[in-house]
Amino acid sequence: MVIVGAGEAGTAAAVALRECGWRGPVILIGNEVMLPYERPPLSKAILVEEMNPGPKLLVTPERLAELAIDYLQGRNVEWIDRAAHTVTLSDGAQLAYERLLLTTGARPRKLSVPVAPESRIATLRTYADALAIRQIIRRGCEVVVIGGGFIGLEVAASAVSRGASVTVVEAGPRLLTRAVPAPVAELIRAKHERAGVRIESGAMVEGIDAHEGRSKVVLADGRTHLADLVLVGIGVVPNVELAQAAGLAVDNGIALDETLTTSDPHVFAAGDCCSFPHRLYGARMRLEAWRNAWQQGAAAAANMLGANRPYENVPWFWSDQYDETLQIAGLCREENVPVARNLGAKGHLFFYLAADGRLVAACAFGSLGAIAKEIRLAEIMIVRGLAPKAEALANPAVNIKSLLI
Amino acid sequence: MAACALDALESEETLRFDHEGRTFVITRSPEGDYFAIDGHCSHEKVHLADGVVDGYIIECPKHFGTFDYRTGESQAPPACIDLRSYEVKVEGNTVFIKI
Ligand SMILES: Cc1cc2nc3c(=O)[nH]c(=O)nc-3n(C[C@H](O)[C@H](O)[C@H](O)COP(=O)(O)OP(=O)(O)OC[C@H]3O[C@@H](n4cnc5c(N)ncnc54)[C@H](O)[C@@H]3O)c2cc1C
Ligand code: FES
């Protein structure tokens with residue numbers, strides 16, 4: 001069993017292979033020169049903690065040894081030969097596989113406008129990226145975040161809390177257009193503005209110049225922003241090139257069937273790099289979310305060993321913004337009817353019902369304690385295909401747990 | 001230490017209990033028995049009293065690490081360190097925990 005990419009999905013898969021009882025070799029290959037670590041803290045704790053923030057490891061060396069997982073770090077997989085069942089590494093080594101799992105993740109999308117080579121622009125995906133950003137943000141420095149998505153907003157929150165002056169430049173009409181319904185995005189915007197972050201929506205970036213050791217962000221309307229750090233957070237691109245070169249089908253990610261198998265029955269994929277059809281939503285999707293990565297990695301591992309189980313977990317996402325948390329279970333579309341439930345001062349919760357009355361998503365923003373249980377129970381309702389009454393969901397006197405039957 | 005009244009919880013419900021700077025989560029099982037373990041998840045400092053209980057399992061509200069609330073044993077990642085459990089006694093109408 002060979003796994004390419006030692007992020008969240010690949011590491012979860014390696015462990016799951018052992019938990020499923022596989023006794024043969026498990027080889028986990030990663031091109032980063034460190035033990036596998038969690039990415040979510042990179043935009044949160046690692047930017048704000050006072051003292052040397054270490055990476056949060058996914059697995060200790062002892063655990064890897066105990067599970068007899070062969071972890072090859074700092075090695076890139078360059079080539080897959082599907083006919084010969086081998087992969088070739090950057091150091092020329094060739095490894096044979098019986099089953100192959102691709103968990104190559106995604107990389108930050110690059111700006112498509114001209115960028116002066118001396119300008120200080122950064123993206124955030126790796127621990128090294130986070131340390132570099134951490135070096136720059138401090139009291140009094142100017143940060144411009146391009147892109148009002150999750151990573152940009154989390155960095156904005158971390159940077160203002162360290163005393164930086166922060167401007168978020170978003171091309172779209174509002175923040176978080178892709179993933180979050182408008183009323184919740186509005187709450188998040190208000191929270192940032194209260195914290196002192198300037199938010200400019202509908203602002204197109206035309207280019208980035210260098211100016212006396214700093215960067216100058218030039219907007220289409222002629223305005224400019226000087227910055228010590230420009231963080232580009234305009235989404236990610238799935239790492240599909242390796243799969244593509246091997247002739248595997250690609251469709252907004254490495255294309256899988258519902259059992260997470262690629263167009264080659266010996267090759268599987270999981271995590272940010274893949275797209276898969278979801279029975280509950282009747283659509284192909286690619287998720288960029290932490291929980292999906294590890295659950296899908298573990299599910300793919302079981303299927304590599306022949307379990308042949310469709311992956312039907314409900315998409316779930318969280319983001320921390322200051323002292324509050326956003327959680328989303330399921331996927332909501334424009335046409336879904338929102339039902340608001342009053343949680344008092346501690347949070348806001350919206351349920352989304354499909355035309356046939358089924359609950360398809362729930363989205364909440366507030367203190368973790370106020371929202372987490374509700375979102376978890378909503379997720380269970382979504383899995384079971386329940387169609388709770390809108391009046392009951394909206395009524396804070398009705399215990400959500402009582403709607404589970 | 002007196003923690004709560006016997007009828008404070010229904011089964012599969014939780015209660016946060018704080019004492020001298022420490023925090024605990026008290027859970028009632030489907031049979032109606034009371035159990036107590038450390039309040040904070042072993043993955044990050046998140047209170048388990050906000051988590052969902054299913055059978056004998058309590059689930060962390062943040063990343064869904066799970067624990068057996070009878071023993072404190074971790075059941076599912078990302079929480080992989082066990083929590084401490086504390087002896088619970090019911091006397092009359094009061095639930096006591098031994099800290
Ligand atoms: C800053 C940040 C904050 C985040 N916050 C949240 C959050 O709050 N909530 C949430 O739900 N999600 C969050 N995410 C998303 C979450 O971290 C990702 O969805 C998850 O890491 C995806 O896991 P993965 O294993 O698919 O990919 P990755 O974690 O990207 O792992 C892929 C690994 O494969 C390596 N690799 C690629 N190609 C090769 C090759 N050819 N050979 C060898 N190695 C290779 C890569 O270098 C990488 O190490 C965040 C992400 C980032 C970057
Ligand atoms: S904080 Fe409990 S699982 Fe992460």
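Leaving aside its neighbours within four places in sequence, which residues is Ser367(A) in contact with?

A: This is a predicted model, in which local features need pLDDT of at least 70 and side-chain atom pairs count only at pLDDT 80 or more, while totals for chains, interfaces and linings use all residues; side-chain values use heavy atoms, with hydrogens and water left out. Residues are numbered from 1 along each chain as its sequence is written, and chains are lettered from A and ligands numbered from 1 in the order in which they are written.

Ser367(A) is in contact (heavy atoms within 4.5 Å) with Glu324(A) and Lys346(A), leaving aside neighbours within four places in sequence. Ser367(A) sits in the loop between β26 (359-366) and α9 (368-383) of chain A; helices (H or I, at least four residues) and strands (E, at least two) are DSSP runs numbered from the N terminus. Its relative accessibility is 24%, so Ser367(A) counts as partly exposed, a class that lies between buried, under 20% relative accessible area, and exposed, over 50% (1.4 Å probe, protein chains only). Ala345(A) is 22 residues from Ser367(A) in sequence, and their C-alpha atoms are 9.5 Å apart.

The domain assignment, which is automatic or from a database, divides chain A into domain 1 (2-107 + 237-304), domain 2 (110-234) and domain 3 (323-404). The contact between domain 1 and domain 2 of chain A takes 21 residues from domain 1 and 15 residues from domain 2. Taken over C-alpha atoms, the centres of these two domains are 30 Å apart.

Ligand 1 draws at least three shell residues from each of domain 1 and domain 2 of chain A. Its surroundings comprise 36 residues, the closest being Asn31(A), Glu32(A), Arg39(A), Lys44(A) and Arg125(A); a residue is near the ligand if one of its heavy atoms lies within 4 Å of it. By class, the shell has 16 nonpolar, 11 polar and 9 charged residues, where Ala, Val, Leu, Ile, Met, Phe, Trp, Tyr, Cys and Pro count as nonpolar, Asp, Glu, Lys and Arg as charged, and the others, Gly among them, as polar. The largest share, 3 residues, comes from β22(A).

Oxygen atoms of ligand 1 make polar contacts, that is, pairs of N or O atoms within 3.5 Å; within protein, one atom must be able to donate a hydrogen and the other to accept it, and residues adjacent in sequence count only if both atoms are side-chain atoms. A polar side-chain atom of Glu32(A) is 2.5 Å from a ligand oxygen, and polar backbone atoms of Ala9(A) and Trp290(A) are 2.8 Å and 3.0 Å from a ligand oxygen. The protein covers 94% of the 1,000 Å² of accessible area that ligand 1 has on its own, with areas from the Shrake-Rupley method with a 1.4 Å probe; for residues, only the protein chains shown count as cover.

Helix α8 of chain A, residues 290-304, is one of the elements that supply at least two residues of this shell. Gln296(A) lies in α8 and, at 0% relative accessibility, counts as buried. A polar atom of the Gln296(A) side chain is 3.0 Å from the backbone nitrogen of Gly271(A). Not counting residues up to four places away in sequence, Gln296(A) touches residues including Leu260(A), Cys274(A) and Tyr311(A).
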